[in-house]
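Hello,

Here is the structure I promised to pass on. Please have a look, and my notes follow below.

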Amino acid sequence: MARRFSAPYQSEPVSSLATWARNLAVFAVVAVVVSIIIVRFDFLEMKPALATFFAGLAIAGLSILFGLAGFAAIWQNGSRGMARILFALLIDALILAYPAYFALQYRKLPAIHDVTTDPIDPPRFDALARLRTGDGTNTAVYAGLYSAEQQRHFYPDIEPIELEISAERAYAIALQLVHKRKWTVIDERAPQPPRRIGRIEAVARTPIMGFREDVSIRVVPDGDDSRVDIRSASRYFDSDLGSNAARIIKFIDDLNTAADTDALKPVKKAPVIPPKAPAKTVKK
């Protein structure tokens, strides 16, 4: 019975709109993946890579329109192709979900790209400054008063890190956390006399697109204790969608936890060597 009822349906033609919707969705996936590979591995400049990415998003949107039109056509004339439409809509939703999330973040978060624990005297980009001179890159100079005001309003918890450990230990822990995050270290200078200021410059990457965001960490002594400041700035774009602030907040939490653990470690005492007994003299 099932075969007899399905036979008329199987003889119906497949909707061309459904086929177009599926093909466009597949092409959109290819365009988006290719653009991500281009950005992560520096095959082309940033502008053509982003053009490819946004072209993929536009194709996904076009696929949705074809899918809706195909659904209406199938509803009216009973043609086949609903599976192709549902497949296309699923792919389009997966492609557009992440950009849609960031579009919402763009509306909620401040349009800043340079975040630091010390807006008055932010850690400098010395070695990183040479990497921020290409077309479309942000300058190595700190973004300024407007960025500091927006940061204070939206991210009030970002403040200098005061640690009850020496500058040398603070620097070692900070460098260990940088390596743990797999940031690319560009320059590292341990605290040395006479000023004993430690500096770390590294490059972090965003999770999916792999956009570069530059990080500078400064460690200074404060008596027997230390103070750590960190700056994270996007190399491209005027808005970081909160990524730099999130990076700094997580780094502050991990650094405080690691420093507290280090401070609680018992100090290893050197073994006490018993004094040698005086040599016995033999009376003759």
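**Helix packing and pockets**

Helices α3 and α4 cross in a left-handed way, meaning that the near helix is turned anticlockwise from the far one by less than a right angle. Helices here are DSSP runs (H or I, at least four residues) and strands likewise (E, at least two), numbered from the N terminus. The axes of α3 (residues 46-77) and α4 (residues 82-108) come within 9 Å and cross at roughly 150°; axes are lines fitted to C-alpha atoms over the stretch in contact, with angles from 0 to 180 degrees between N-to-C directions.

Residues are numbered from 1 along each chain as its sequence is written, and side-chain values use heavy atoms, without hydrogens and water.

The chain averages a pLDDT of 87, pLDDT being the predictor's confidence in each residue, from 0 to 100. Over residues 1-5 the value is below 50. Where pLDDT is low, the predicted coordinates should not be read in detail.

Helix α4 also gives the largest share of the lining of the largest pocket, seven residues. By class, that lining has 21 nonpolar, four polar and seven charged residues (Ala, Val, Leu, Ile, Met, Phe, Trp, Tyr, Cys and Pro count as nonpolar, Asp, Glu, Lys and Arg as charged, the others as polar).

Best wishes

Note on methods:
Predicted model: local features only at pLDDT ≥ 70, side-chain atom pairs only at ≥ 80, totals over all residues. Contact = heavy atoms within 4.5 Å.
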